[in-house]
Amino acid sequence: MGPTNMATVRKQSAPRADTRKIRNLTEELSREEHGLGIPLLDAAVAGVILGFKPADREMRAQAQRCWETLKPRLNQHLLSEDETVLPWAEDAGGMSVEAMNRIKSSHREMRSLIGKLTGVSFEKDPDKVVAAAGKALCVLAVKLDDLIDSEEMRLLPALRKMLFA
């Protein structure tokens with residue numbers, strides 16, 4: 001058997017070996033996405049207000065709460081998808097290159113926005129820092145909501161189709 005045939009055999013058997021893990025992870029990602037609605041809305045509202053009125057103490061507290069809620073879930077979600085789900089889907093060959101590139105690009109954008117928020121204290125930092133972080137939080141919330149919608153409409157159904165085919 002030549003190298004091409006070995007690669008084909010490996011690609012066919014690897015997805016089947018990980019199917020249970022991917023199924024569980026897909027269900028978990030779907031549940032997580034449904035629980036982010038209110039924190040995303042609250043983050044967007046706090047972020048947009050702080051972008052224009054960074055001294056607003058109530059919105060600073062709301063932004064801090066939202067960021068503390070979103071950050072660990074977002075990091076875990078991106079990590080799960082980037083290190084497990086997407087490589088599995090690529091190996092399984094059930095998604096187009098364009099779709100994979102779109103998802104990866106969205107994840108890079110999310111990480112860039114997370115970087116702008118990392119280390120920021122909405123409650124203690126100066127107004128100038130909070131205004132910039134508020135805008136980043138608002139953009140993150142909106143883009144994350146769009147990404148979730150896209151995943152629910154495209155990624156998760158495609159994964160389920162590959163899993164149950």
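Residues are numbered from 1 along each chain as its sequence is written, and the model is a prediction in which local features need pLDDT of at least 70, side-chain atom pairs count only at pLDDT 80 or more, and totals for chains, interfaces and linings use all residues. Side-chain values use heavy atoms, with hydrogens and water left out.

**Confidence**
- The mean pLDDT (the predictor's confidence in each residue, from 0 to 100) of the protein chain is 77, and 68% of its residues reach 70 or more.
- Over residues 1-17 the pLDDT is below 50, and beyond near neighbours in sequence this stretch has 8 contacts (heavy atoms within 4.5 Å) in the model.
- Where pLDDT is low, the predicted coordinates should not be read in detail.

**Overall fold**
- The protein chain holds 6 helices and 0 strands, where helices (H or I, at least four residues) and strands (E, at least two) are DSSP runs numbered from the N terminus.
- Of the 165 residues of the protein chain, 42% count as buried, buried meaning under 20% relative accessible area, exposed over 50% and partly exposed in between (1.4 Å probe, protein chains only).
- Among contacts in the protein chain with a separation of 6 or more, 77% come from residues 24 or more positions apart.

**Helix α4**
- Helix α4 (residues 57-92) has 36 residues and should span 52 Å at 1.5 Å a residue, which agrees with the 50 Å between its end C-alpha atoms; the expected span is 1.5 Å times one less than the number of residues.
- At Glu 81, α4 bends by about 40°, the bend being the angle between axes fitted to the seven residues ending there and the seven starting there.
- At the start of α4, a side-chain oxygen of Asp 56 reaches to within 3.0 Å of the backbone nitrogen of Glu 58, and just after α4, Gly 93 takes a positive phi of about 75°.

**Salt bridges**
- The structure holds 2 salt bridges, each being a side-chain nitrogen of Lys or Arg within 4 Å of a carboxyl oxygen of Asp or Glu.
- In one of them, Asp 127 pairs with Arg 60, with the closest N and O atoms 2.7 Å apart; Asp 127 lies in helix α6 (residues 127-164) and Arg 60 in helix α4, so the pair ties together parts that are 67 residues apart in sequence.
- Arg 60 is buried, with a relative accessible area of 1%, whereas Asp 127 is partly exposed at 36% relative accessibility.
- Lys 143 forms a salt bridge with Glu 109, the closest N and O atoms being 3.2 Å apart; because Lys 143 lies in helix α6 and Glu 109 in helix α5 (residues 97-117), this pair ties together parts 34 residues apart in sequence.

Definitions and conventions. Polar contact = N/O pair within 3.5 Å; in protein donor to acceptor, adjacent residues only side chain to side chain.
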